[in-house]
Amino acid sequence: MKKSVQQSLVLPGPERLQLPTDAEIAAFQKRVFAFYQQHGRHDMPWRHTDDPYRILVSEIMLQQTQVGRVTEKYPEFLTAFPDFAALAQAPQSAVIAAWQGMGYNRRAISLKKCAEKVVSEYGSTLPRDPEVLATFPGIGPATASSICAFAFNAPVVFIETNIRRVFIHAFFPGEISVDDSAILPLVARALDRKNSREWYWALMDYGTALKKTVPNPNRRSTAYVKQAPFTGSDRRIRGRILTMLVGRSGVFEKQILADLGEDPARVQRILAALETEGFLVKNRGRYRLKE
């Protein structure tokens with residue numbers, strides 16, 4: 001059933017030589033919404049709120065973590081830090097501890113810095129302007145626009161990986177190098193400006209389904225970058241170090257080196273980087289999470 005719906009979205013011909021007509025755009029919208037009504041992920045907790053804080057948390061979490069993991073950690077994080085004020089006032093070490101299992105720990109610090117900025121500069125009210133939000137720590141233009149779409153139902157135009165996949169699949173079946181500059185006008189034309197929130201949910205769910213049933217169209221995007229393996233990476237060692245230090249007053253460098261069992265010079269380099277980036281504090285040969 002899913003495959004037939006997806007195949008019906010591909011426009012005719014080996015290559016798309018002209019812009020789609022209004023009728024084709026309307027048909028595309030209808031089919032995407034039909035797929036969403038039947039197969040959409042309607043049970044996601046962040047789709048049952050328009051609270052800007054909760055939307056911000058979910059969007060930062062979803063940047064580089066699978067949905068299943070976010071579904072598990074999202075309510076735990078909100079219980080620990082229920083609003084901007086609570087997150088802004090929390091010790092950084094507590095935020096890092098609550099973030100464990102999510103990966104890319106820089107996002108936890110960025111999220112806390114966002115909360116501090118909202119509280120100190122915007123009276124605890126998240127700005128509605130995506131250009132303003134894009135200046136916040138850890139938030140680029142696409143995330144800023146997605147926050148505005150989901151929190152405020154704003155008719156913004158943006159591309160993320162699932163949206164890109166849908167449009168390349170539907171409108172560029174014969175192209176081998178598709179630039180976002182060619183996709184954005186189509187995203188703008190197809191946007192449901194009265195219901196952008198649900199429209200983007202539908203696009204993202206459709207893009208997720210496509211990934212499971214057809215060769216990834218994003219490989220034909222000029223923005224495509226293959227993710228480096230996690231096993232054996234510095235990122236994995238960084239995560240292990242932070243996990244090791246959660247809830248502890250300090251651990252000697254010698255013990256960290258012994259417990260990790262990795263090349264000492266490499267671990268020392270990573271420890272120095274974590275200290276420089278503000279994750280760790282070193283005192284008399286012992287490392288701890290920065291408060």
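This is a predicted model: local features need pLDDT of at least 70, side-chain atom pairs count only at pLDDT 80 or more; totals for chains, interfaces and linings use all residues.
Which residues are buried in α7?

Start with the helix itself. α7 runs over residues 106-121, which is 16 residues. From its first C-alpha to its last, α7 reaches 22 Å. That is close to the 22 Å expected at 1.5 Å a residue.

Now the buried set. In α7 these are Arg107, Ala108, Ile109, Ser110, Leu111, Lys112, Cys114, Ala115 and Val118. Note that Arg107 and Lys112 are on that list.

What covers them? The cover over the buried residues of α7 includes α3 (52-62) and α4 (67-80). It also includes α5 (84-89) and α6 (92-99).

Next, the end of the helix. Glycine 123 follows α7, and its phi is positive, near 60°. Then comes serine 124, in the loop between α7 and α8 (130-133). Phi of serine 124 is near 65°, a positive value in a residue other than glycine. Why flag that? Because most residues other than glycine have a negative phi.

Arginine 284 is in the loop between β2 (280-283) and β3 (286-289). Its phi is near 55°, again positive in a residue other than glycine. Arginine 284 counts as exposed, with 77% relative accessibility. The cut-off for exposed is over 50%.

Conventions:
Residues are numbered from 1 along each chain as its sequence is written. Side-chain values use heavy atoms; hydrogens and water are left out. Helices (H or I, at least four residues) and strands (E, at least two) are DSSP runs, numbered from the N terminus. The expected span of a helix is 1.5 Å times one less than its number of residues. Buried means under 20% relative accessible area, exposed over 50%, partly exposed in between (1.4 Å probe, protein chains only). Contact means heavy atoms within 4.5 Å.
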